Amino acid sequence: MFEPVEIQNILVATMAGALVVMFGALYALGFAMGKLNKQPGMLRAAYGAYAALSVSVFVLAYTLNLNGIWWGVTLTMLIGYLLAPQAIWKLSVKTHEFSD
Amino acid sequence: MITTAWWASEDFWRKATIWITAFMVVVLIVLTYDSLSQISAGTERVPAYSAINNRIYYRQDKSRNMPVPVIGDPAPLFGKILSETEAEALVEKGKITTQAKNCMGCHTILGNGAYFAPDLTKAWLDPAWGSEGTREQLMMRFLLDPPANSRGYGSKRRMPNLGITEEEARGIIAFLKWMSTIDTNGFPRNFTPIAQEGDR
Amino acid sequence: MKLGVLDSSNLTGGQQLAVKYYTVAVVLFGAQILFGLFAGLQFLAPEFGYNVLDFSVNRMVHVNAMIVWMLYGFIGAIYWLVEEEAGTELVGLKLGNLAFWVLTAAVTVVVLVYLFVQTGPGEIESIWFINEGREYIEAPRWADIGIVVCLLVFFYNVAATFMKGKWSGISGVLVFDLVAVAGLYLAGMFYTTNVSVEQYWWWWVIHLWVEATWEVLIGCIMAWGLIKTLGASRKIVTTWLYIEVALMLGAGILGLGHHYFWIGTPEYWFTVGGFFSALEPVPLVAMVVHAVYDSGVHRFKNTNHPALAWLIAHAFGNFFGAGVFGFMHTLPQVNLYTHGTQWSSSHGHFAFFGAYATINIAMFYIALQKWRGNVYMSAGLADNGWKWKWALGLLNMGVVGMTMALLVSGYEQAFVERALGGSTWAAYFAAQNSVWFIQGMLWREIFGLMTAAGFGLLVWDLVTIGRTETRSMLIPAEAAKAAA
């Protein structure tokens, strides 16, 4: 069931939406840099950004009244943003292995 | 030569790209067939052009949790009941005119266009026209000479004179009335329609 | 050849054709900004240009000039690279030149008709000869047909050149994508009275261009650039082009659904559009990881700082403009308030500039470098390169400033007009007259002027950069090879 955002939540919802993408990029950035330079501190910071992302996703889901089938979108964001950078990292390492 | 993992090979990703793209295109085509069948004129979501012969209400649908247009009792446009063919010809005249005059250069239609002037999606149902009885006349007068009949609501913006003829204006009004019958999933938000006979 | 002199003999035939396209692109970029300033001013002073250059006219020229200069930039970029990529000369240079002049003449006539005829009577002939009245693709039908013919000539030139020379992964993707770009335009070339059906197909053109096929085009140009300028491995770059295309089209094609919430189309588009819009930022995040990896593994040297700076501006602009500003208002629960307000134009300004204007400007600098005989364009430019740096700063700050100003106005509109006001005409004007809205419009115009200043500086820089330079970008051995 589709339920529009409450008036008082418009600002919070849109900001949460923006933060999802920004923390997603921060997590990706920290993850890649931590892996590249072998800095565990950077990796921890990256997972911190992911935690902030999760909070943003939940704020977004709550203010947008996401329920029923919309939980699929919420879960996609949570899992997708967690795994995509890791998968891309693995791909980066593997694809750069071949010599031409 | 190092052989790389299959999932990181050029060959795999070329095939994956082709398959993913093709799959998405096929899904889009299937959805397009279905959507077009649901939005052709004369369906529940996009009523027949002859809907302009009737009163159009805008009422809350509890099960869908959004307001939807409801076609009511006869209330012919300009006092004349039209056949489906006549209604379509009139709406077509209006639709072509809205394109030829580039209405979308200032207004939005179904929310798309420019943002210099109000949305036209539910223009027929807007309280701006005062009452049902005066609506057609006011719309006609406005379209024939927009600068003189402009309201502006405290803004200095006025619609320019676009040389709309009476025939074109009739078409535009018919097009706007017909467009107000389209089920737009509750867009624009919280719309408050004009008071009409038979309102509950 | 004397270093630093604009000399066509420095360029291949296709590249000479490319700089013609670039020249017109810059002129149209200027027209976009000029008419944008006019239209923006009309929000503050509605009497400006009333009945002479009405808002609808200025706005139409503003958005059309944008679409067309970007297309000119892309066509130019592809003519620039096609011969090197195919390893042979352009098949139909004369035909390509002819198509350029025909297309440019057609664009000129269309703009003159927009400015001096403006609108027509409510007859189908108006749509054929004056304007189609459909945002972004207002060009009258005769011009549509002309555009398709010129695009087919372009397509023939590209495909036939690859066929004569050699194919590569990049050229394969490119040629497939060009078929889609031209084919999709056909979806916007018919009249129908049913406005829901019309907008359904209209979005095929707009969305599947800017959120799918144009992105792939940019991907191909970037891939070629990475191999060419940074000496990246072709196999790796090609693999990553495939990965990017798979991600972009995997999310972007059905992301089309976020335009089908309110035009009469069924409710399932809420779910389809919402789901795939949530996926659309994923390719952007992927690029972050891969860019970090690449920059860490390779130590690249660069001989064209302005181009590199604009490519970095592209990465940021694409991420914030398309990713952040797109996703923040895309889900239907909030889009119901923001659709059709200045919020959309806030996103539009940032995304088009960030994703496409930046990359075209980078290509202009790459072209100029070679045009002046492979002049060195990195550190220690004449006058410390202040012109390109200020142009970069002013253009980017100007567009970001406009974006923020429009966001304030858009928020006010979503709140006052939609949430509180009941979306009536009275509510619309209540929002337009509110202090915050007007403030936003004022700051938009100020930042618009900043953008215009940046554009002026950019043109000045493009005309002068490298003119007094005495260093070559080529190392002596390469220079000897090039001279031979």
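Is α1(A) mostly covered or mostly uncovered, and how many of its 28 residues are buried? α1(A) is mostly covered, with 21 of the 28 buried; a buried residue has 20 or more other C-beta atoms, placed from the backbone, within 10 Å of its own.

This is a predicted model, in which local features need pLDDT of at least 70, side-chain atom pairs count only at pLDDT 80 or more, and totals for chains, interfaces and linings use all residues. Residues are numbered from 1 along each chain as its sequence is written, while chains are lettered from A and ligands numbered from 1 in the order in which they are written.

**View 1. Helix α1 of chain A, residues 10-37.** Helices are DSSP runs (H or I, at least four residues) numbered from the N terminus. From first C-alpha to last, α1(A) reaches 40 Å, close to the 40 Å expected (1.5 Å times one less than the number of residues). Just after α1(A), A:K38 has a positive phi of about 55 degrees.

**View 2. Domain 1 (1-166) and domain 2 (171-300) of chain C.** The bounds come from an automatic or database domain assignment. The centres of these domains, taken over C-alpha atoms, are 22 Å apart. Their contact (C-beta atoms, placed from the backbone, within 7 Å) takes 21 residues from domain 1 and 15 residues from domain 2. On the domain 1 side, α5(C) gives the most, with ten residues.

**View 3. The contact between chain C and chain B.** Here 70 residues of chain C touch 72 residues of chain B. Among the elements giving two or more residues to the chain C side are α7 (195-230) and α8 (234-255); α8(C) gives the most, eleven.

Notes
A residue is buried if 20 or more other C-beta atoms lie within 10 Å of its own, exposed if 12 or fewer, and partly exposed in between; C-beta atoms are placed from the backbone. Two residues are in contact if their C-beta atoms, placed from the backbone, lie within 7 Å.
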